[in-house]
Amino acid sequence: MRLLALIAVILTGGLIIFQTGAFPDFGDANAPANTYLSTYYLEHGQADTHAPNIVTSVLADYRGYDTMFETTVVFAAGLACFFLLRRKKVPGGEPRIYRHMPTGITLRIADGGKLPAEDSEVFRRLDTEFVPQQLIIKNTCRIVIPFIQIFALYVIAHGHYSPGGGFQGGVLLAASIILYAISHDLRRAIRRFSEKTAALMGSLGVLIYAGTGALCLLMGANFLNYKALAPLLGVDAVMARSHGILIVEIGVAFAVMAMIIWIYYNLSSAGKHDEGL
Amino acid sequence: MTHHFPALLIIVPLLSALIVSAMGWINRRWCFPLAVAALSGALAISVGLLTQVMATGPIAYKMAGWSPPIGITYVIDYLNAPILVVILAVALLNLIAAKTWIEKDFSEKIGAYLALYLLFLSGMVGIVSTGDAFNLYVLLEIGSLTGYALIGLGKERAPLSSLNYLFMGTIGASFYLLGIGYIYIATGTLNMADIASMIPQLAESSTLFLALIICMAGLFVKMALFPMHGWLPNAYSNAPSASAGLIAPLTTKVMIYAMVRLGLTVFTPQFTFSRGMLSEAIVWVAVAAIIAGSLLALMQRRLSRMLTYIIVAEVGYMVGGFWLGNEAGVTGATLHIINDAAMTLTLFLAVSAITWKLGSDKFEDLQGLFGKMPFTMMGFVIAALAVIGIPPTCGFFSKWYLITAGINAGQWAFVGALLFSSLTNAVLFFRIFEIAFFEPFATGHGHHDHGPTFSEAPLTMVVPLIVAAISLIALGLYSGDIVTKLIQLAIPAGIA
């Protein structure tokens, strides 16, 4: 059976590699891929959408409908992770570990023992695997995280002009929260950015995208035809497309950020949202 | 607003999925009514589209207002309009039937479950209505990803079955994407109609021919054509009952639709059937699928597993019929997409009701079921007759076209496989009738056998089942109309 599979793989791979010989050369100006549609996008992209970054204009406008579903894929992935992994905490059961902050002593409290208050300043709960004092890591992250977030906002807002946009900016925003969760602990990250926030923000993000499309529908144009938003935004039709792209990019950023954080919460704690990494 | 129906068909399930998901965190009681309302709305829109297509011909809708091939186009024509209605009707009936299951199994995660359900559906509806080859891939991702999640939280080893499905499904989707890449290299466009218009000049292109093979191979994995069917029986039989009734009737059928669409509209019949060797080989694989599926179904001792192997055989019917490449074959394959979706739905609804009452669907537990659950078994019998292919149920008519196609093409092995599979189906189902009708119901007391007591599944399960069963007869009675007014108009010139 294994031999059979190997033969099938070699045959398929061989066929595909063999066929590359018949392809147009790399960068060939006369290849169908370079002479047909891409010419249109390059020549009309900026005039049509007022976005100098052609990738953005194709992604968020000419083929914006595909991108809406790519955002939905991210949303569905987050939802699927929650649906499959999330489980309610079993009451009691595992021992917990606390650090007495003034002295630095760690205490292990077995099942049934008296636990300190959840928001106690004196006792801080630690993950059950030994966590040393991490002064440098924690403080570095505290300094770095705001800059990551500002850069993320720049990446989202500047998607029209340079590489970037909602997906990349959303990932950066999510990374900042995940960095906080890793450098501090999962519980405190969840206290700042709760599961419910993540779930609702994900829905909201896709809703901004699809809702913008539906708004165009209500304004009498086709789905996702941002041109129809011109009277609402008080600009001309081309500028309306440019603004429309920005609006949907913000929606994408919301959805991607919330879903990546939610997936991290569920994966890192095996769905218990208690301890993780 | 009727002008925007093709877009609304997708927007309604998509937006409602987002709202249902949010409602799961705010007020869970609203989730189910919202989902039912959304599906009813989408079903009404699809019926509206069908009447529009029948009255005025195919409809094209430009997403974002860009004309093809610059933007993405949605095309509703004679081929996909009836299939859209069937998909939405299947999803709505199953959702109502699954109400009690969903409330029992996923009470806390009902928002997430129903949102995944609606997203799965918007993926399926999108695959069927899109006129863009790459957009089809994006929607395929939505449909598959949500499908894995819907299956994953089921019985026994469902997570493992879902993981296997995920591996195979990803391989299939990647092949399809690779094929689309090849098409783009050869033509420079992604719009289906635009690709088709370039095919005559590229008839000798080996890149395009490889694209055809790779795309089809990807779809064959996704539709579980034997011998790539390994993932299907476990995934479908271990899935939660609420999901099995959605995914089993839709996924394989929608993939077969994608194959028909690709073969007829994108590659055009002249090109698709131009290499006799390829068509011949695929028909032989289909023959093997039919025989293997039927034999494996005979070996099962659990109702739902038996049905999954029948699906494997049915996939063989449609693939074989299509690749025979004559008019009767393509007609039969397309008609069978509709009929098989309805038949599979009815069977899975019946199994879901039986499992609800008995807690199992093993053959030995089915004794005396006709007395205990007469209405459920009525629906089951009608569906069984349809699968066997007895008139006036719909199964007879599509099988008739497929057999005619085999005879016309002189492909006797295919005809033989179809007849063999019909006989096997008869054995399979009459074996169950015998257990459920003649073998006494075990009361467990041992003194006097009072016979089975009447104890039917809840009304929300039985009513959709009966509706689905009646639709099998209705589809059979109207199959003449479906063929002459829709399917034959969808088959392009160039198929003999």
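Helices (H or I, at least four residues) and strands (E, at least two) are DSSP runs, numbered from the N terminus. This is a predicted model, in which local features need pLDDT of at least 70 and side-chain atom pairs count only at pLDDT 80 or more, while totals for chains, interfaces and linings use all residues. Residues are numbered from 1 along each chain as its sequence is written, chains are lettered from A and ligands numbered from 1 in the order in which they are written, and side-chain values use heavy atoms, with hydrogens and water left out.

Start with the empty space. Rolling a probe the size of a water molecule over the atoms shows where such space is left. On a 1 Å grid over the protein atoms alone, a pocket is an open set of points where a 1.4 Å probe fits, with protein on both sides within 12 Å along at least five of seven lines. Grid points are joined across faces, edges and corners, and a volume is the space filled by probe spheres set on the points. The largest pocket holds about 1100 Å³ of space. Its lining counts 31 residues, and A:A8, A:T12, B:A217, B:V221 and B:M228 are the closest to its centre. A lining residue has an atom within 4 Å of a point.

Which helices supply at least two residues each to this lining? They are helix 1 (2-19) of chain A and, from chain B, helix 7 (158-187), helix 9 (206-223) and helix 13 (276-298). Helix 1 of chain A gives the most, with eight residues. By class, the lining has 28 nonpolar residues, three polar ones and no charged ones. Here Ala, Val, Leu, Ile, Met, Phe, Trp, Tyr, Cys and Pro count as nonpolar, Asp, Glu, Lys and Arg as charged, and the others, Gly among them, as polar.

Now turn to the surface. A:L215, A:L218, A:M219, A:L232, A:L233 and B:M1 form a nonpolar patch there. Patches take residues with over 30% relative accessible area and no salt bridge, and nonpolar side chains (Val, Leu, Ile, Met, Phe, Trp, Tyr) are joined within 5 Å. Together the six have about 590 Å² of accessible area, from the Shrake-Rupley method with a 1.4 Å probe, where only the protein chains shown count as cover for residues. Helix 9 (195-218) and helix 10 (230-233) of chain A each give two or more residues to the patch. A:L233 sits in helix 10 of chain A. At 36% relative accessibility, A:L233 is partly exposed; buried means under 20% relative accessible area, exposed over 50%, and partly exposed in between (1.4 Å probe, protein chains only).

Charge pairs come next. Side chains of opposite charge can pair when their charged atoms come close. A salt bridge is a side-chain nitrogen of Lys or Arg within 4 Å of a carboxyl oxygen of Asp or Glu. The structure holds 13 of them over all chains. A:D274 pairs with A:R125, with the closest N and O atoms 3.0 Å apart. This pair links distant parts of the chain, 149 residues apart: A:D274 is in the segment after helix 11 (237-268) of chain A, and A:R125 is in strand 3 (residues 123-126) of chain A. Both A:D274 and A:R125 are buried.

A:R187 forms a salt bridge with A:D127, at 3.2 Å between the closest N and O atoms. A:R187 belongs to helix 8 (residues 186-192) of chain A, and A:D127 to the loop between strand 3 and helix 6 (135-157) of chain A, 60 residues apart. A:R187 counts as buried because its relative accessible area is 9%. A:D127 is buried too, at 13%. In chain B, B:D361 and B:R302 meet in a salt bridge (3.1 Å, N to O). Both B:D361 and B:R302 are buried. A network of salt bridges links A:R63, A:D66 and B:D132.

Last, the backbone. Most residues other than glycine have a negative phi, and most peptide bonds are trans. The bond from B:F226 to B:P227 is cis, with omega near 0°. B:P227 lies in the loop between helix 9 and helix 10 (231-238) of chain B. Another cis peptide bond joins B:P391 and B:P392, with omega about 5°. A:H50 has a positive phi, near 60°. A:H50 is in the loop between helix 3 (37-49) and helix 4 (54-62) of chain A. With a relative accessible area of 35%, A:H50 is partly exposed. A:H273 has a positive phi of about 55°, and at 8% relative accessibility A:H273 is buried.

Note on methods: Patch = residues over 30% accessible without salt bridge, like charges linked within 9 Å, V, L, I, M, F, W, Y side chains within 5 Å.
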